[in-house]
Amino acid sequence: MTPPGPVYRERNLHIIFSVTWTAMMGVGSLSPVFPSVMEAFHVSAQEVGLLITCFTLPGIFLAPVTGLLADRYGRKTVLVPSLLLFAAAGTGCAFAPDFEILLALRFLQGCGGAVLPLCFSIVKEHFPPRRTVVALATVSLSRCTSTSTS
């Protein structure tokens, strides 16, 4: 039997890496456009900061719930609809006609992004113990790079 290749070449890890990176960019990629949002919607700096709050707040409450649902119904069953919600709400943000709708869409996007902690559980399930450490480090690296690139 041939030994498995490097962990970083595993397809499942690429998917998990992408999910983590995308969810983290939901915060970091928004900061550069704050001035444009302020101008387009005629809102103050404090109000535009609510875009971050509305995105991150659902995760505080929904992360434990998504974990319980994933344990009961399966990781993929929870992850896929959550990512679809994240994508749909994110797309809707581009077409928001006013600031209140933009905030609501960011909230929905945050609800979809609340599955981020599941990525660590998925790594633990899909990799044998000897490879889990490297896989977890790679996923953690995606969190660091998404934060530093924005």
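Predicted model: local features only at pLDDT ≥ 70, side-chain atom pairs only at ≥ 80, totals over all residues.
Residues are numbered from 1 along each chain as its sequence is written, and side-chain values use heavy atoms, with hydrogens and water left out.

I begin with the salt bridges. A salt bridge here is a side-chain nitrogen of Lys or Arg within 4 Å of a carboxyl oxygen of Asp or Glu. By this rule there are two. In one, Arg75 pairs with Asp71, with 2.8 Å between the closest N and O atoms. In the other, Glu125 meets Arg75 at 3.0 Å, N to O. Glu125 belongs to helix α7 (residues 118-126) and Arg75 to helix α5 (residues 75-93), so this pair ties together parts 50 residues apart in sequence. Helices are DSSP runs of H or I with at least four residues, numbered from the N terminus. Through shared partners, Asp71, Arg75 and Glu125 form one network.

How accessible are these residues? Buried means under 20% relative accessible area, exposed over 50%, and partly exposed in between, with a 1.4 Å probe and protein chains only. Arg75 is buried at 15%, Asp71 is exposed at 56%, and Glu125 is partly exposed at 48%.

I turn now to the surface. Leu57, Ile60 and Phe61 make up a nonpolar patch with about 320 Å² of accessible area together. Such a patch joins nonpolar side chains (Val, Leu, Ile, Met, Phe, Trp, Tyr) within 5 Å, from residues with over 30% relative accessible area and no salt bridge; areas come from the Shrake-Rupley method with a 1.4 Å probe, and for residues only the protein chains shown count as cover. Leu57 lies in helix α4 (residues 50-73) and is partly exposed, at 36%.

How values were computed: Patch = residues over 30% accessible without salt bridge, like charges linked within 9 Å, V, L, I, M, F, W, Y side chains within 5 Å. Helix = DSSP H or I, 4+ residues; strand = E, 2+ residues; numbered from the N terminus.
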